[in-house]
Amino acid sequence: MGEAVAHATVVIRRLMREARFGALGTLEADGAPYASLVALAPDAEGAPTLLLSGLARHTRNLQRDPRASLLAGEPGKGDPL
């Protein structure tokens, strides 16, 4: 593994360990994108874990089409919404 890849791996693992919020991108029934703010927590291996409500629009989108994307990060000060 090259030095740049090793550094990127360290940065990504730290972000996944520390990030508490993310933007979850899902697809609407008509194929349009839908993004929502979700809370994150890492599992034992550092992968993101999401607690999603069955009432949420993103959950209905995922049940219909499991393709999704996740942008992890930290919002600025104040309310993340």
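User: How exposed is R14, and what does that class mean here?

Analyst: Happy to start there. R14 has 40% relative accessibility, so it counts as partly exposed. Keep in mind that this is a predicted model, where local features need pLDDT of at least 70 and side-chain atom pairs count only at pLDDT 80 or more, while totals for chains, interfaces and linings use all residues. Residues are numbered from 1 along each chain as its sequence is written, and side-chain values use heavy atoms, with hydrogens and water left out.

User: Which residue does R14 meet in a salt bridge?

Analyst: The general idea comes first. Side chains of opposite charge can pair when their charged atoms come close. The criterion used here is a side-chain nitrogen of Lys or Arg within 4 Å of a carboxyl oxygen of Asp or Glu. The partner of R14 is E18, with 3.8 Å from N to O. Both residues belong to helix α1 (residues 3–18) and sit four residues apart, about one turn of the helix. Helices (H or I, at least four residues) and strands (E, at least two) are DSSP runs, numbered from the N terminus. E18 is also partly exposed, at a relative accessible area of 46%.

User: How many salt bridges does the structure hold?

Analyst: There are three salt bridges. One of them joins E28 and R57, whose closest N and O atoms are 2.3 Å apart. E28 is in the loop between β1 (21–27) and β2 (33–42), whereas R57 is in helix α2 (residues 57–64), so this pair ties together parts that are 29 residues apart in sequence. E28 is buried, with 16% relative accessible area, and R57 is partly exposed at 40%. Another salt bridge links the side chains of D65 and R67 at 2.8 Å, N to O. D65 is buried at 17%, whereas R67 counts as exposed at 55%.

User: In what order do the strands form the sheet?

Analyst: Strands of a sheet pair through backbone hydrogen bonds, either parallel or antiparallel. The rule for pairing is that DSSP finds at least two bridges between two strands. Here four strands make an open sheet in the order β3-β2-β1-β4, with antiparallel pairing. The edges are β3 (48–50) and β4 (69–73), each of which pairs on one side only. Direction ignored, neighbouring strands of the sheet are turned by 40 degrees against each other on average. Such angles come from axes, which are lines fitted to C-alpha atoms, for helices over the stretch in contact; the angles run from 0 to 180 degrees between N-to-C directions.

User: Which strands do the helices touch?

Analyst: Contact means heavy atoms within 4.5 Å. α1 packs on the sheet and touches β2, β3 and β4, its direction making about 85 degrees with that of β4. α2 packs on the sheet too, touching β1 and β2, at about 45 degrees to the direction of β1.

User: Which residues make up the largest nonpolar core?

Analyst: In soluble globular proteins, nonpolar side chains tend to be buried together. A nonpolar core is a set of buried Ala, Val, Leu, Ile, Met, Phe, Trp, Tyr and Cys residues joined through side-chain atoms within 4.5 Å. The largest one has six residues: M16, A19, L24, V38, L40 and A72. Not counting residues up to four places away in sequence, A72 touches L15, M16, A19, F21, G22 and L40.

Technical notes:
Buried means under 20% relative accessible area, exposed over 50%, partly exposed in between (1.4 Å probe, protein chains only).
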